[in-house]
Amino acid sequence: MAKLFLITLLCAFPVFAQTEANSHYFVDANYYYGSLLVQNKNVAQLNRNQPEGIILGFNKKTFGEKYWQQEYNYPDWGISLGYQNFNSQVLGENISAYGHFNFYFFSRKLQLRIAQGIGVNTNPFDLETNFKNNAYGSSVLASSYFLLNYQQKNIYKGLGLQAGLSFIHHSNGSFRAPNSGTNVFAVNVGLRYDFDEKETAYIPLEEKQDFNEPLHYNLFLRGGANEGDIVGLGRHPFLVVGAFVDKRISYKSTFQLGAEVFFSKFLEKEIEYRSVAFFDEDFADTDYKRVAVFGGYELRISRFAIPMQLGYYVYWPSKYESPVYERIGAKYYFLENLYGLFTVKAHGANAEAIEFGVGIRL
């Protein structure tokens, strides 16, 4: 793996170096080595070997030309590629692509990267050839990672060093069963190369703008397809309809309070299956619909936002998973009152669905 890291790094730098000499870009490469976390009993038997991998990043610096850049201490944005080897024939390997933001602290020595993307697994679950892989029921996965690096830039002609901690998550969001997913916690070390050795001056935040707004009402619609915990029942569509009120108190922060109704056909199929499998005719009449209330917080970054919500079912006759759920994802404002949604809904460590949606802010 160390040899692969060096080869990839040497190949990447000449390619990126074709960028204009005065452009504000940098590339980096991190090698990580860590442990597979046991978030539930389903993956306990998979936690035998130490996973390792590489993350390559291409980054665009910001200097305060826009207000959001000043508010977030001049972050970077970019794309990254990830390779993860579980050193396990059961789990195989993951190859992923991401979009990311880098945020800086402590005189820009400490960098926090938040990334979201999509990946491919080389050896997913197969009932005949790989039945032990209950982490991934499909080859296509959603993925996210966090990097926390201490950096020393421009040690020699734009080349710098970095080291820190990383957390990498892969899951198919119950698009196909099984779906225990994986979480890897690791230590990482890497190199960074800045094409500009001279630091460009940052535009200071001269006057903080007031983004305190009155209450706004939101209507949203989410949908997709997913499969339940029982292998073989198939994938089925779902629909989530809801409304909430929000209050924006600053450029970065908006709070939410609302309610939603879930129409999940996979749950209807599970109710039918369990009523037959356990000879419970009364269970067959259980309503598969669910109604919940939730509170949320939204972190705004230019036109992007990161919504985080915690919900509780007030109508929950099927008793699927727990009555508490959480949701996190990405949001993009096409207009100030129209946005798109990409979120993952989960109960604890168990993802229920990857949701795509649209919303209107009135």
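Let me begin with a definition: a residue is called buried under 20% relative accessible area, exposed over 50%, and partly exposed in between, with a 1.4 Å probe and protein chains only. What we have here is a predicted model, in which local features need pLDDT of at least 70 and side-chain atom pairs count only at pLDDT 80 or more, while totals for chains, interfaces and linings use all residues. Residues are numbered from 1 along each chain as its sequence is written, and side-chain values use heavy atoms, with hydrogens and water left out.

By that definition Leu338, in strand β15 (residues 338–347), is partly exposed, since its relative accessible area is 33%. Leu338 belongs to a nonpolar patch on the surface, together with Leu215, Tyr217, Leu219, Phe334, Leu335, Ile360 and Leu362, and the accessible area of the patch is about 810 Å². For such a patch, residues need over 30% relative accessible area and no salt bridge, and nonpolar side chains are joined within 5 Å; a salt bridge would be a side-chain nitrogen of Lys or Arg within 4 Å of a carboxyl oxygen of Asp or Glu.

Turning to the barrel, 8 strands close in the order β1-β2-β3-β4-β5-β6-β7-β8, with antiparallel pairing, where strands are DSSP runs of E with at least two residues and two strands pair if DSSP finds at least two bridges between them.

Which residues does the side chain of Asn149 contact? Asn149 lies in strand β6 (residues 140–156) and is buried, at 0% relative accessible area; its side chain makes a polar contact, a pair of N or O atoms within 3.5 Å with one able to donate a hydrogen and the other to accept it, with the side chain of Asn30 at 3.2 Å, and also reaches the backbone nitrogen of Gly164 at 3.2 Å.

Note on methods: Helices (H or I, at least four residues) and strands (E, at least two) are DSSP runs, numbered from the N terminus. Patches are made of residues with over 30% relative accessible area and no salt bridge: like charges are joined within 9 Å, nonpolar side chains (Val, Leu, Ile, Met, Phe, Trp, Tyr) within 5 Å. Accessible areas come from the Shrake-Rupley method with a 1.4 Å probe; for residues, only the protein chains shown count as cover.
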